Each structure stands twice: as C-alpha cells, then as structure tokens.
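Dear colleague,

I am passing on a structure for you to look at, followed by notes on what was found in it. Please read the notes alongside the model itself.

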Amino acid sequence: MVGSLQDLLLAFVNDAQRNLKDAFDIWAQSLRAQALVTVILTSTFLAWIICPPVKTSASPSQIKSPWVSYALVSTSLFLLSLSGGAWTLLVNRYVPEPYLDEFFHIPQAQVYCEGRYRQWDDKITTPPGLYGVTISYLFSVIYNKITMLTCETSTLRFHNLSVVLVIVAAAAQCRNLIERRQAERVGKVASTNMSLYSFHTAINIALMPVIFFFSGLYYTDPLSTLAVLLSYRHHLQRVGPERPGLLSDVWTVILGVAALFMRQTNVFWVVVYMGGLEAVYTLRSVKPGAQEFLTTLHDPPLSNSGPDDWFFCLLTIAVTALCNPAKVLRQIWPHLTILGLFAGFVAWNEGVVLGDKSNHIATIHLAQMLYIWPFFAFFSLPLFVPSILGFITRPLQTIRSLILRPNALFTIPWALLTALLSAAVVRYNTIIHPFTLADNRHYMFYIFRYTILRSPLIRLLLVIPYTVARWLVWGSLSTTTPPTTQPSGPKPRTAPAQPKAAPESDGQLTLLDSPSSVSDTTPTTSTAILWLLTTALSLVTAPLVEPRYFILPWVFYRLLVPSWSFASVGIGKRIDLRLVLETTWFVGVNAVTMYLFLFRPYVWKDSEGNVLDSGRLQRFMW
C-alpha cells in the first residue's frame, strides 16, 4: 500500500515537472521585444500615477527616496504584468477555444467588432443579475481599433490583464484616500503621500485568486470590479474637505451608471454603500438640535464598538437625517438619480435579469450571509495571524477579554444569539440551486458535496466554523489597537477635530513607523454597518452560491482592514508582515488553481462510461 502511494506521488511529481517545463518553454519562446516594451511602459506609467517621483518639498537631501519608491512600485507592477501575461498566454495555448461563459461573451464581442451593434444574444446572463457586458464589448472594440488587433479569442482575453493592472492603481488610490479621510476625521496629520500599506493592499487585491484567475479569461468580473472602484475613488474625493460641486455630482451619475452596465447588483454598492457613506458624512457636520442626545451622530471607531453602539449609531443617523433632509438630499441626489434610472430599467425590462429569467429568479437566501465568512477566512487567512497567535499563546487571557470586554462584539450573549440565528437559517433557508449540483467543473460543487450535502447534522455543525470565521473577519477590522472601555449609549458631544495641514508630497511611500502614517486607523461603526448591509443586499437575493459574487464584498472589506505592526520584530515596525504572507498565500493558491485548470482536464462520462459532450475537455475553475 505504501509502495503504491509512493509510486503515485512520484508519477504526479514527474508529470507536474514535465508540464511546468513545457509551460515555461512556451512562455519563453513567446517573449518578444515589443511585448516586453509594452509591459515596461505600462508598468512605469501606472507607477507614475500611483507614486510619482516628483519632489515638491524644499529639502533636496532626500531626492533619491522618491525614485526608490517609484522603482519599487514599477517593479511590482512589472512582475504582476509579466505573471498575468504568462497566465493568459498559457490559457490561449492550452484552451484555445472559448470556455464556459466565454461561449456567450466572445461571440457577442466579435459581433460588435463587426459593427452589428443591434445584434444581441439573449442567453447572456449571469445570476443573480445582469452582466452589463455592452460596455465591456465596446471597450473591447475601442481597444482593438486603437491597437489594430483582431477580435479573436486570444486577443480578447488579454483585455482583462490590462484591467487588473488598472485595478491596482484604483485600489491603491482608494485605500490612500480612505486613510486621508480617516485622518481628517480624527484630527491627525494626513500625508498626501501614498502609504506602502495602501500599495501592497492593492497588489494583493489584484492577486486575489478569484480576480486574478479571470484575468486570463474573457469574463466581465475584473472590469466590473474596476468600474465600482472608480466610482468609490470618486466618492472618497467627494467627502473630503472641499464641498463637491455640480460637475462632481454629474461624474457620480456617469460613473455609477457605467458600473451598473457591468453588473446590475453593483447598484447596491454605488447607491446604498457610497450613498449611505455620503449621507453619514453630511450628518457628521450638522449642528445638534434641541435633543442633542439623539441629534448628535454616534459613530465610534469599530475598535471600540459593540451591539449597543450599533443600535445608537443607527438611531442617531435616522433622527439626524429626519432633522436635516435638505442637506442629505443635496449630497446624495446623484445616487438617488442612479437609483431612479435603475428602477426605470427594471420597469422597462419587467425584472432585474436580462435573458433567461426562469433560471435566475430572485430568492431570499439568507444562508449566503453564512457562506461568506468561510470564503473571507480562506482568502484572508494571513490577516488573522495576530488573532490566532494571541489565542495560542494566551488562550485564557483571550477568552477572558472576549467575555469581559464591555463593548466587544464577541460577548457571550451576542455569540449565543448569532449562533441561534445561524442555526435557524441553516435549518429553514438552505437553498441548493440546481446549477450547483449540475456542474462539477466548479469548486463549489465539491464544497457542497463534501460538507453541506453530507448530512443534516454536518450542515448544522457548520455553524461553528461560520461563527469562528465571522469573529476572525471582524477582528481583523477592529483590533489594530487595544479597545478602551466606553459607557453604553451616545457619548458626550465634543467639538469636531480639525485636521492639521498635511505635509507636502515628496513622492515617498509612507511606512508604518512614520509620524504621518495613519494606516492603523479602524473604520467607523457606520461604515461597517453600511458594508454589512450592502453585502447582504447584494447576496441574499441570489439562489446560486458563486465565488464571483463575493468579489466586491471582499474587496471593500480588504480596503477597510487597518494595518498591524509587530513591535517585537524590527522590520515589522515599518511594514505589515501579514501582507507579505498574504501575497505568498495568493501566489500559492493561484499556482494550484492555474495548474489544475491547464494540466488536469477530464472528460465527462455517464454512469455507463459513455463519453459525453462530444469528448470536450472539461476543466476545474472557480
């Protein structure tokens, strides 16, 4: 028995070495000077957008530092571009024909390339909402006209590589703006420099396996993510010190509608999340009314927030908004306009889904809000290292802090309540979509088969990992600094903090030990509530469990995670070592999933061994 296992393992290793050698030879032979020049130019251009090496401060003694930062950003983007290009090249080599959803998207793009813009395939739909792929196709047409490329399968797939690179720039700017807005809110000095934490976070978002995997296929997920990030970046600029003007309002509508063209469920992120954040931003600056207890916005940082704070946060937002409707409407009318346009489309289309509506009926599926936590826990595992190490090294102290901490989200009563609610959802609202069990090419098929579908008892016992994963996720959002004890109910009103003048940009990447670093600031309670609400709205109407539906909730979660510095480790004071582990983790997961997709195809057979689907090769994917 042992000998046979050793033989199987040796055969697998030899086969893997041979496949990887063939893949490397294909990639090396395809390298051209023109392609390398394109990659270098693209990387350096995006690096200039993220971290321009322009020194505006008076001191010339540090002129080399901006160029070191610029070189670091350029090199990182170059390696990401090279890796993404190799992935797409290998997909084109081993999977030259359209695969799965590409059977619909690529022919439609080719029709548009031929100028037949009124021809549309009614089968183009991805549950739970519409893939607004029209913009994606028009992007493909314009891109190909400029580059003089044909609309073949191989060239269309390369579009998403460019999109993923731009996602890095957009995500880095979003995280940097989040830090600046948080610093302004608490009165800290907000540097205009890009922080290294922001850039590394953006790189890891692009490397996130579900996003990076589809950078090599002609799917709309990367472009949809980019469209929402661009809307978010614009939103973060609107909630700065300067009041947004009419032009900013118009751009909000334009970017929001563009995001809806990518996927209809983006309406929740553009309208509910960003519109809600802008409403809170407006309410934070209003003067308290006669009932100061209720008209003063209660919005503590998440590190110091518990269930009672959540209640009072929602209550004071509602009361303050009712007392200041004109100011709120002035700020959020662009988001209401987007919502009105979306409602008009739904009325015209007689539903949200475009195409085959019979298989994509909206259903209340609360179990989605249980599945999301293990998904986050798997991909964000390195971020939980401090919490896990703390529990291993000081288990009694950790448990005691969870029980006794007054404003903790992890109190025993709260844990019991959420566990009971989770069990009720598992018992009465577990929905198994036919598509989940009908297609064994997706990893979700095997997850359901070996967990949820094993037995009712196992399904119920999964409440434990759901709860642990949820604790870890919220812990990563809220435990950057030791929480302080706060009394229940709204806190006394204090004068709003006035942000100090930001130091001039010198083109350097800010490290964690810099006096101007604000990467460790936790999000506010209102931001966490809006993120959770938007995530729920975007997921609970989908009967199908699909990893791609979790992309945007994870991206926004990842953008909100504060930094963590290890005081006992030298370099850990300057950079967040969790991000290094996260990069390594993502590279490993990507390597495994890409290898399985390229080199472990199989053929469908029925119970009698007859070949199905004309013997086409099937491949594992997200």
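A residue is called buried here when its relative accessible area is under 20%, exposed when it is over 50%, and partly exposed in between, with a 1.4 Å probe and protein chains only. On that scale, 51% of the 622 residues of the protein chain count as buried. The model is predicted, so to speak of local features a pLDDT of at least 70 is needed and side-chain atom pairs count only at pLDDT 80 or more, while totals for chains, interfaces and linings use all residues. Residues are numbered from 1 along each chain as its sequence is written, and side-chain values use heavy atoms, with hydrogens and water left out.

The protein chain has 26 helices and two strands, taken as DSSP runs (H or I of at least four residues for helices, E of at least two for strands) and numbered from the N terminus. With contact meaning heavy atoms within 4.5 Å, residues 24 or more positions apart account for 80% of the contacts that have a separation of 6 or more.

Two helices can be checked against an expected span, which is 1.5 Å times one less than the number of residues. Helix α11 (residues 246–262) has 17 residues and reaches 25 Å from its first C-alpha to its last, close to the expected 24 Å. For helix α16 (residues 368–379), the 12 residues should span 16 Å, and the end C-alpha atoms are 17 Å apart, which agrees. Helix α16 is mostly covered, since 10 of its 12 residues are buried, among them W373, F375, F376 and F379.

The buried residues of α11 include S248, D249, T252 and V253. D249 has a relative accessible area of 1%, and its side chain is joined to that of W333 by a polar contact of 3.1 Å, a polar contact being a pair of N or O atoms within 3.5 Å where, within protein, one must be able to donate a hydrogen and the other to accept it, and where residues adjacent in sequence count only if both atoms are side-chain atoms. Leaving out residues up to four places away in sequence, D249 touches R238, R330, W333 and P334.

H298 lies in the loop between α13 (292–295) and α14 (307–323), is buried at 4% relative accessibility, and makes a side-chain polar contact of 2.8 Å with the side chain of D309.

Two partly exposed residues may also be worth a look. Y446, in helix α21 (residues 443–452), has a relative accessible area of 23% and, apart from neighbours within four places in sequence, is in contact with N440, Y602 and F620. L533, in helix α24, has a relative accessible area of 41%, and its C-alpha atom is separated by 9.9 Å from that of W269, 264 residues apart along the chain.

With best regards
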